[in-house]
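Keep the model open beside the text as you read.

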Amino acid sequence: MELPLWFEVGSLVGLTLILVADLLLIIKRPHVPSTKESTLWVVFYVVLALLFALLMLAVTNGEYAGQFVAGWLTEYSLSIDNLFVFVLIMSQFSVPRAAQQKVLMVGIIIALILRGIFILLGAAIIEQFSWVFYVFGAFLIYTAWRQAFPGDEDEDEEKKESFIVRLLRRRIAVSDEYDGAKVRTVLNGKKVFTPMIIVFAALGMTDLLFAIDSIPAIFGITQSPFIVFTANLFALMGLRQLYFLLGGLLDRLKYLHFGIAFILAFIGVKLVLHAMHENELPFINGGEHIEWAPEISTWVSLGVIVASMLVATVASLIAARRDGLREPVPATGPTPVGHAEDVADEQGTPRSVDSHPSDGDAAR
């Protein structure tokens, strides 16, 4: 049973309208959301995703609905990692708190565009070359290892990001101060860019690197481009509110990266087994399908994903509680920046960025 075209078109139109309405609310009423407001929005998007899964179940069958839920949970967990690095970028660039909602929304839109491009490319490649699942699987297993045991190999990525930021500053005039959430402002009668343009460049690079990790992961759960895109869309839609809701809790999720690493490794193995089952490479089993290679079902994948995140979250909270009993809590409360730096190292995203242009890069 295929997903009806009217369902796909109607869903994309409806979700686009929700995103536009969310964006208009931010533009009309820029503010720092309260914990209650953030909680309500996060609950709204989670319930909306579950209702979408139920609607998909009613329109088609349980297999598609299960693929969506598994894909959404996978992308949601990876998006939380993305959130850690957003925290780091906001902190290092000293983005005004009142402007952070707009900045996050721009980052989410950039992420959706980049992931949409990767989804189209991935679907086209998979349709033509079934052996690409070997590549995706090996890449995810490598990514899982890097996630669980980060080393010094991320230094090149840090230099790459620093080079792009420095190059951007050398090419354009950038003011020393922000002007709200504006990208352009007037300084001494001359139009110049604000540091916000540098923030957007850092967010774009981060989104690109995360898309490279996340798209192969969800293609290990479903080969439907529509389910892949909607799962990404639902995972990203509540990310802005989740940023303000979690706050210091991010610093307490010290084992979350192990849960994400296990999910990536599991999906990587699943992709390799799928590639073996559909094998067409002449130098493997004479180009014949490897019949003994098992196909892992969507429901087993969903169970592994949920269990991994639950175990990682509970273990993190227990460890945080144990550490809190041993050491006094600072009066100012925990900061997520330190853990955000760890996540940046694990993901290969930039760990350190300058908060303001240097003297030589100030407004000209």
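A residue is called buried here when its relative accessible area is under 20%, exposed when that area is over 50%, and partly exposed in between, with a 1.4 Å probe and protein chains only. Val69 has a relative accessible area of 17%, so Val69 is buried.

Before we go further, a word on where the values come from. This is a predicted model, in which local features need pLDDT of at least 70 and side-chain atom pairs count only at pLDDT 80 or more, while totals for chains, interfaces and linings use all residues. Residues are numbered from 1 along each chain as its sequence is written, and side-chain values use heavy atoms, with hydrogens and water left out.

Now for the layout. Read from the N terminus, the order of elements is α-α-α-α-α-α-β-β-α-α-α-α-α-α. Of the 364 residues in the protein, 50% are buried. The accessible surface, from the Shrake-Rupley method with a 1.4 Å probe and, for residues, only the protein chains shown as cover, comes to about 17,100 Å². Carbon and sulfur atoms account for 66% of that surface.

How far along the chain do the contacts reach? Contact means heavy atoms within 4.5 Å. Taking contacts between residues at least 6 apart in sequence, 80% join residues at least 24 apart.

Val69 lets us look at such distances residue by residue. Val69 lies in helix H3, and its C-alpha atom is 7.6 Å from that of Ala231, a residue 162 places away along the chain. With neighbours within four places in sequence set aside, Val69 is in contact with Ala53 and Leu302. Is Ser94 buried or partly exposed? Its relative accessibility is 38%, so Ser94 counts as partly exposed. Ser94 and Val199 are 105 residues apart in sequence, yet their C-alpha atoms are 9.7 Å apart in space.

Next, the helix pairs. Axes are lines fitted to C-alpha atoms, for helices over the stretch in contact, and angles run from 0 to 180 degrees between N-to-C directions. Angles under 35 degrees count as roughly parallel, over 145 as roughly antiparallel, 65 to 115 as roughly perpendicular and the rest as oblique. A crossing is left-handed if the near helix is turned anticlockwise from the far one by less than a right angle, and right-handed if clockwise.

Helix H5 (residues 132-148) packs against helix H10 (residues 256-277) at about 160°, with the axes 7 Å apart. That angle makes H5 roughly antiparallel to H10, and their crossing is left-handed. For residue classes, Ala, Val, Leu, Ile, Met, Phe, Trp, Tyr, Cys and Pro count as nonpolar, Asp, Glu, Lys and Arg as charged, and the others, Gly among them, as polar. The contact of H5 with H10 has 19 nonpolar, 6 polar and no charged residues. Within H10 you will find His274, which at 16% relative accessibility counts as buried. Beyond residues up to four places away in sequence, His274 touches Phe133 and Glu295.

H4 and helix H9 (residues 239-246) pack at about 135°, with axes 9 Å apart. They are therefore oblique to each other, and the crossing is right-handed. Gln100, Gln101, Leu104, Met105 and Ile108 of H4 meet Leu239, Arg240, Tyr243 and Phe244 of H9. By class, this contact has 6 nonpolar, 2 polar and 1 charged residues.

Finally, the axes of helix H7 (residues 196-219) and H8 come within 10 Å and cross at roughly 130°. H7 and H8 are therefore oblique, in a right-handed crossing. Ser214, Ile215, Ile218 and Phe219 of H7 meet Ile227, Val228, Ala231 and Asn232 of H8. That contact has 6 nonpolar, 2 polar and no charged residues. Thr230 is also found in H8 (residues 225-237), and is buried, with a relative accessible area of 0%. Neighbours within four places in sequence aside, Thr230 is in contact with Leu12, Leu15, Phe52 and Phe68.

Conventions. Helices (H or I, at least four residues) and strands (E, at least two) are DSSP runs, numbered from the N terminus.
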